[in-house]
Amino acid sequence: MTPNRCAEIHAACFSIPRPWNAAEFADLLARDGVFLCESDKGFVIGRVAGPEAELLTLAVEPASQGHGLGRQLLEEFENAAGDQGACDLFLEVAIDNAPAIRLYETAGFQPCGQRKDYYASPKGAKTSAVVYKKQI
């Protein structure tokens, strides 16, 4: 999947936080420890650092949401992180993103913290994030 395609899908999924552009995806994907799991309708990007992995973003085209692709990509992220030596997985999600929270909790992630006012909208409104962890 190209950085342009990642940016296209990301823009269709997110307004808060703002979607990442193709240059940001290209820069991120070139960094050590960063990996991409993909399908033609979505992707997940993770980063491994020692025994920990962080899910940086997961995006599925809106028309393809609710059909199990997010769960499949999340499983691929977990497997890829484990293959690279990670034991603990982390992610954060907007406190009001109920579908994503359901996905992560169903997959065994447990809340372990909160980041108050973590995300900012283009108009300045703030949304907190919940931090999740899962041991693999």
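Predicted model: local features only at pLDDT ≥ 70, side-chain atom pairs only at ≥ 80, totals over all residues.
View 1. Eight salt bridges are present in the structure. The accessible surface amounts to about 7,200 Å², and carbon and sulfur atoms contribute 49% of that area.

**View 2. The salt bridge between Arg5 and Glu61.** The closest N and O atoms of Arg5 and Glu61 lie 2.3 Å apart. This pair connects distant parts of the chain, 56 residues apart: Arg5 belongs to helix H1 (residues 3–13), while Glu61 lies in the loop between strand E3 (52–60) and helix H3 (69–83). Glu8 joins Arg5 and Glu61 in a network of salt bridges. Arg5 has a relative accessibility of 22% and therefore counts as partly exposed; Glu61, at 18%, counts as buried.

**View 3. The salt bridge between Glu24 and Arg18.** Here the closest N and O atoms are 2.5 Å apart. Glu24 is partly exposed, with a relative accessibility of 28%. Arg18 also counts as partly exposed, at 44%.

**View 4. The salt bridge between Asp117 and Lys116.** The side chains of Asp117 and Lys116 meet at an N to O distance of 3.9 Å. Asp117 is partly exposed at 36% relative accessibility, whereas Lys116, at 67%, counts as exposed.

**View 5. The fold surrounding these sites.** The protein contains four helices and six strands, arranged along the sequence as α-α-β-β-β-α-β-α-β-β. Of its 136 residues, 41% count as buried. Among contacts with a separation of 6 or more, 54% involve residues 24 or more positions apart. The radius of gyration is 14 Å, which agrees with the value near 14 Å for a compact globule of 136 residues.

Conventions
Residues numbered from 1 in each chain as written. Heavy atoms only, no water. Helix = DSSP H or I, 4+ residues; strand = E, 2+ residues; numbered from the N terminus. Rg over C-alpha atoms; globule rule 2.2 N^0.38 Å. Buried < 20%, exposed > 50% of the residue type's maximum accessible area, 1.4 Å probe, protein only. Contact = heavy atoms within 4.5 Å. Areas by Shrake-Rupley, 256 points an atom, 1.4 Å probe, with all protein chains shown as cover. Salt bridge = Lys/Arg side-chain N within 4 Å of Asp/Glu carboxyl O.
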